[in-house]
There are 2 protein chains.
Amino acid sequence: MKKIIIVEDNKDVQEAFQLLIETQTSNYEVVNAYGTCEDAINNLEVDLPDIVLMDIDLPGMNGIEGTRNIRQTLPRTDILIISVHENSQYVFDALCAGATGYITKNSNHTQLLRALDEVSAGGAPMSTQIAKLVVKSFRRESESPLTNRETDVLNLLAEGKSYMDIADQISVSKDTVKFHIKNIYLKLQVSNKIEAVTKAKSEGFI
Amino acid sequence: MKKIIIVEDNKDVQEAFQLLIETQTSNYEVVNAYGTCEDAINNLEVDLPDIVLMDIDLPGMNGIEGTRNIRQTLPRTDILIISVHENSQYVFDALCAGATGYITKNSNHTQLLRALDEVSAGGAPMSTQIAKLVVKSFRRESESPLTNRETDVLNLLAEGKSYMDIADQISVSKDTVKFHIKNIYLKLQVSNKIEAVTKAKSEGFI
DNA sequence: CTAAAAACTACCCTTATGGGTAGTACGTCA
DNA sequence: TGACGTACTACCCATAAGGGTAGTTTTTAG
């Protein structure tokens, strides 16, 4: 039997979740429900939840700070964010804070219960649109101003290779490598390796 | 009717997918199946697929390069990776290359068909363990071996500052900065700025 | 076919970087 | 109290990196 606590300030939603879990499942029990993270955190040692269902918009400490906080105390507890926000910043912040999954409030009952099962199975449930956001964050969209050769050179530079290493690897002279790098700096408006690599990475050129 | 192409060198798997899609769905049709990315790419303009089912281990161009390539030609086509690898590097590389979803080959028929529906609905299907990997990548767990001072120095280094810049900024001598950097290299087992910054970032130290 | 764009080579010069070695000073934990 | 970790300073040396200039060849696009 997995112990669940709910952190949700809207009483109706809180009760709906509780009812749903208690009537529709036999593997989960809601040991407590709180309206604020502060309250939940104060009782963590007593509740020892396996799973926390966490809202984001909460009075006082928000759900993301709460997530970070709870994970420090109970690192093995899974925290499932249930939020109205599909905004990418919220999602990433929550995941960075240590949330296990992120589903939206408009998910239906079946989806919520499946999410609980997925969490228990070591998974990371995310609603379709959320998963899309996460995947999108891995993608590079923008057009690179760099030529293929320059991109090759920059990639090697990013690996920590020296001019000579790069020259050997792409079979050109050291001066040619230097030439390409000078052009890269010009295009990216930087003046050293680190800045070039950092900028190129953030822009998705490499 | 969504058009699908399959890129998979194993004939049995290829035919299994094809059969599955043709017999179990009415919204999808397999317009072609190829054993290599090269073949698939050569026929892209003719096939104009809505969805590409892509293997990773392929003779010649691998599935990740293939994904990058296809996305350049047909940016609106969804590419669903179907791979045996649950290795995080493969997953991230695939997502970075522009894959829409990543499911493992041991997924059952229902899961594969659901993945197709999710892709069509604008989602990003991932099998449970894959989603977990992705979520984990947002997390920072490890303890930094660096002292506070070293971390400060490394952060400035990561901004592209020179030894002198850093010295001025933290009000120590250039030699002291050098000293810290030497220790950073020692601790991170690297030998230049780029490697240090890259490693520290990937380990979450900065 | 021709004019760019891209890739390439070369040389000069200054500063930055990385590696080695040798110390001092301060706080803390055993 | 004495070893250890941290922070700091200093000097030497070789090589890497960055910036400037001046060209040739190859590819690509109009």
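## A buried aspartate and its surroundings

Asp55(A) is buried, with a relative accessible area of 4%; buried here means under 20% relative accessible area, exposed means over 50%, and partly exposed is in between (1.4 Å probe, protein chains only). Keep in mind that this is a predicted model, where local features need pLDDT of at least 70, side-chain atom pairs count only at pLDDT 80 or more, and totals for chains, interfaces and linings use all residues. On bookkeeping, residues are numbered from 1 along each chain as its sequence is written, chains are lettered from A and ligands numbered from 1 in the order in which they are written, and side-chain values use heavy atoms, with hydrogens and water left out.

**The Asp55(A) site.** Along chain A, Asp55(A) lies in the loop between strand S3 (51-54) and helix H4 (63-73). Helices (H or I, at least four residues) and strands (E, at least two) are DSSP runs, numbered from the N terminus. An unreviewed UniProt entry carries the annotation "modified residue: 4-aspartylphosphate" for Asp55(A); UniProt positions follow the numbering used here, feature names are shortened, and such annotations may be inferred rather than shown by experiment. What does Asp55(A) touch once its neighbours within four places in sequence are left aside? The contacts are Val7(A), Glu8(A), Asp9(A), Gly63(A), Ile82(A), Ser83(A) and Lys105(A), with contact meaning heavy atoms within 4.5 Å.

**Chain A as a whole.** Chain A has eleven helices and five strands. Buried residues make up 49% of its 206 residues. Of the chain A contacts between residues at least 6 apart in sequence, 63% join residues at least 24 apart.

**A glycine that meets chain B.** Gly160(A) sits in the loop between helix H8 (148-158) and helix H9 (163-170) of chain A. Setting aside neighbours within four places in sequence, Gly160(A) is in contact with Asn192(B), Ile194(B) and Glu195(B).

**Accessibility at a glance.** Here are a few residues from both chains.

| Residue | Relative accessible area | Class |
|---|---|---|
| Cys37(A) | 1% | buried |
| Cys37(B) | 1% | buried |
| Gly160(A) | 8% | buried |
| Leu48(A) | 43% | partly exposed |
| Leu48(B) | 43% | partly exposed |

As for cysteine pairing, a search of the whole structure turns up zero disulfides over all chains, a disulfide being a pair of cysteine sulfur atoms within 2.5 Å.

Most residues other than glycine have a negative phi. Leu48(A) has a positive phi, near 40°, and is found in the loop between helix H3 (44-47) and S3 of chain A. Phi of Leu48(B) is also positive, near 40°, and Leu48(B) is in the loop between helix H3 (44-47) and strand S3 (51-54) of chain B.

**A helix crossing in chain B.** How do helix H8 (residues 148-158) and helix H10 (residues 174-188) of chain B cross? Their axes come within 10 Å and cross at roughly 95°. Axes are lines fitted to C-alpha atoms, for helices over the stretch in contact, and angles run from 0 to 180 degrees between N-to-C directions. H8(B) and H10(B) are therefore roughly perpendicular to each other: angles of 65 to 115 degrees count as roughly perpendicular, under 35 as roughly parallel, over 145 as roughly antiparallel, and the rest as oblique. The residues of this H8(B)–H10(B) contact divide into seven nonpolar, two polar and three charged. Ala, Val, Leu, Ile, Met, Phe, Trp, Tyr, Cys and Pro count as nonpolar, Asp, Glu, Lys and Arg as charged, and the others, Gly among them, as polar.
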